[in-house]
There are 2 protein chains.
Amino acid sequence: METLSVALGSRTYPIHIGAGILAAAELYRPHLGGGAAAIVTNAVVAPLYLQRVKKALGGMRITEVVVADGEQAKSWQTLNQIFDALLNGRCGRDTLVIALGGGVVGDLAGFAAAVYQRGVPFIQVPTTLLSQVDSSVGGKTAINHPLGKNMIGAFHQPLAVISDVAALDTLPDRELRSGLAEVIKHGFALDASFVDWLESNVEKILRREHGALGYAIRRSCELKARIVAADERETGERALLNFGHTFGHAIEAGAGYGTWLHGEAVAAGMVMAAELSSLMGQL
Amino acid sequence: METLSVALGSRTYPIHIGAGILAAAELYRPHLGGGAAAIVTNAVVAPLYLQRVKKALGGMRITEVVVADGEQAKSWQTLNQIFDALLNGRCGRDTLVIALGGGVVGDLAGFAAAVYQRGVPFIQVPTTLLSQVDSSVGGKTAINHPLGKNMIGAFHQPLAVISDVAALDTLPDRELRSGLAEVIKHGFALDASFVDWLESNVEKILRREHGALGYAIRRSCELKARIVAADERETGERALLNFGHTFGHAIEAGAGYGTWLHGEAVAAGMVMAAELSSLMGQL
């Protein structure tokens with residue numbers, strides 16, 4: 001297992017990366033002071049990993065919330081499903097919220113944690129490549145509004161991120177490729193030598209070799225963490241990470257959310273941005 | 001006009017107290033950098049004060065949101081009414097939200113500002129005694145959930161508070177007395193000499209003499225600000241301010257929200273807490 005740090009002063013937190021670590025009790029234990037936890041996950045991830053995380057939490061009082069899969073779930077309705085479960089489970093301000101799943105679960109559970117009783121602690125256990133390299137770094141949480149994506153949200157940093165590369169063994173191929181687009185984006189935007197490494201190792205990644213995946217995740221997180229540390233609230237430099245996202249969001253919205261995966265739209269968006277930039281250079 | 005400061009490091013903000021100041025353009029101007037503002041108010045306050053605040057903002061692009069009056073409005077539905085208006089008004093991340101009204105409007109608009117596009121700046125213009133002495137200090141914002149009051153919210157400090165004592169001229173007598181209960185609570189909990197002053201000046205306050213009201217508001221805010229500065233997120237000392245609120249919340253919930261005013265319930269709650277404490281002392 002490797003651990004890197006997202007440097008944000010009093011909100012600094014570790015990202016642990018390794019195979020099988022979502023079942024590692026010692027990674028949760030330091031954050032369980034309140035004696036209660038709530039696991040938010042979805043209908044696809046729950047059958048695969050929920051029992052293993054519960055076992056790692058030992059004999060704690062645990063509230064489970066299983067939401068629907070997909071971008072449609074980033075809604076008021078699902079957020080209220082989480083609040084209802086937390087309140088019915090008598091979760092207090094010391095409850096640890098654990099987000100177990102991809103970007104949608106992380107954004108939803110993170111935002112729920114940001115505003116439940118004015119803020120409770122949370123941990124991210126991302127189970128997709130996209131969420132391991134992107135949404136788990138930087139504390140952006142949100143839900144969608146019918147008039148716009150991610151319009152309602154908060155900056156709420158997790159206490160820790162537990163990125164299990166073995167969880168990617170069960171990820172559909174299309175989602176693996178979608179996540180890889182954000183990895184490549186970090187290279188294009190911030191580190192040319194990482195792009196070279198990716199070109200040489202893309203086959204290993206697509207074969208899901210844990211070593212290559214682990215390095216790709218770690219390097220992506222390092223690159224993004226450096227930007228986030230300098231500009232937590234996206235007033236300047238952090239906008240660099242939006243490379244490919246202007247066209248990408250337009251593609252997602254135009255096609256209807258869920259038709260294109262986020263990474264697919266970003267990949268096409270990067271090509272369009274590069275072509276536009278090349279056209280502008282010829283003027 | 002008097003100005004005091006709530007000391008919260010980079011989130012330090014001024015509270016201005018005076019007669020007629022909700023129309024003072026110079027108090028808004030320093031915070032209007034983004035060039036757009038959204039005023040959130042309610043159906044009772046809008047006819048009385050909305051035009052004067054709009055005039056003070058000069059020729060700005062202004063989005064108006066008029067919500068229903070009363071505690072019932074601290075709901076998802078009303079919050080979404082605000083989000084819809086902000087999005088339809090094409091309000092960006094630099095929009096200044098202005099909460100014009102009592103505690104419900106302040107809590108709602110403050111929470112909307114906390115999470116709209118992950119946080120936009122806001123100013124409180126409290127128009128009730130209760131909101132001038134209580135909710136305008138400390139940045140607590142929230143809405144209610146069917147299973148509990150103030151269950152969903154955020155700590156989001158305003159850029160400034162503009163407390164106009166002349167706005168209290170139009171406040172129903174019952175609400176004036178409800179606000180006075182929180183003023184007295186600050187005295188009981190934190191400053192016995194302020195209780196003496198209140199006993200000597202209660203008639204002036206009930207006659208709404210601006211001088212006496214101004215002093216009562218200023219002293220209440222000073223007392224609360226000192227506690228909030230030491231314990232912004234209510235992990236310890238700030239709980240002192242909950243004197244009377246345990247029984248008070250039970251009374252409000254038991255009778256159905258809106259039947260008892262908040263200050264009325266707190267006043268009764270303080271008597272019950274004092275009696276309980278006296279009984280415990282006899283054991």
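**Note on the two-chain model**

1. In chain B, strand β5 (residues 96–101) pairs with strand β6 (residues 122–126) in the parallel sense, over five bridges. Within β6(B), B:Pro126 is the bridge partner of B:Gly101. The model is predicted, and the remarks below should be read with that in mind.

2. The two strands belong to an open sheet of chain B. Seven strands form this sheet, in the order β1-β2-β9-β6-β5-β3-β4, and the pairing is mixed. Its edge strands are β1 (2–6) and β4 (61–67) of chain B, each of which pairs on one side only. From one strand to the next the twist averages 15°. As background, strands of a sheet pair through backbone hydrogen bonds, in either a parallel or an antiparallel manner.

3. Helix α4 (residues 103–115) of chain B lies across β3 (36–42), β4, β5 and β6 of chain B, and runs at about 170° to β5(B). Helix α8 (residues 210–230) of chain B lies across β1 and β2 (13–18) of chain B, and its angle to β1(B) is about 15°.

4. A further point on chain B concerns B:Leu206, which lies in helix α7 (residues 192–206) of that chain. Leaving out residues up to four places away in sequence, B:Leu206 touches B:Leu176, B:Arg177 and B:Leu180. From B:Leu206 to B:Trp260 the separation is 54 residues in sequence and 20 Å in space, C-alpha to C-alpha.

5. Chain A has an open sheet of seven strands, with mixed pairing and the order β1-β2-β9-β6-β5-β3-β4. The edges are β1 (2–6) and β4 (61–67) of chain A, each pairing on one side only. Neighbouring strands of the sheet are turned by 15° against each other on average, direction ignored.

6. One pairing in chain A can be given in detail: strand β2 (residues 13–18) and strand β9 (residues 160–164) of chain A run in the parallel sense and share four bridges. The bridge partner of A:Ile17 in β9(A) is A:Ser163. Helix α8 (residues 210–230) of chain A lies across β1 and β2 of chain A, at about 15° to β1(A).

7. The contact between the chains takes 27 residues from chain A and 27 residues from chain B. About 2,300 Å² is buried between chain A and chain B, and carbon and sulfur atoms give 57% of this area. A:Trp76, A:Arg118 and A:Met151 supply 31% of the area that chain A buries against chain B, more than any other three residues.

8. What polar pairing does the rule find across the interface of chain A and chain B? There are twelve residue pairs in polar contact, with both residues at pLDDT 80 or more.

9. Which elements supply the side of chain A that touches chain B? α3 (76–88), α4 (103–115), β7 (140–145) and β8 (148–155) of chain A each supply at least two residues. The largest share comes from α3(A), with seven residues. By class, this side of chain A has 14 nonpolar, seven polar and six charged residues.

Notes:
Residues numbered from 1 in each chain as written. Chains lettered and ligands numbered in written order. Predicted model: local features only at pLDDT ≥ 70, side-chain atom pairs only at ≥ 80, totals over all residues. Heavy atoms only, no water. Contact = heavy atoms within 4.5 Å. Buried area = accessible area lost by both parts, 1.4 Å probe. Polar contact = N/O pair within 3.5 Å; in protein donor to acceptor, adjacent residues only side chain to side chain. Nonpolar A, V, L, I, M, F, W, Y, C, P; charged D, E, K, R; others polar. Pairing = 2+ DSSP bridges. Axes fitted to C-alpha atoms, helices over the stretch in contact; angles between N-to-C directions.
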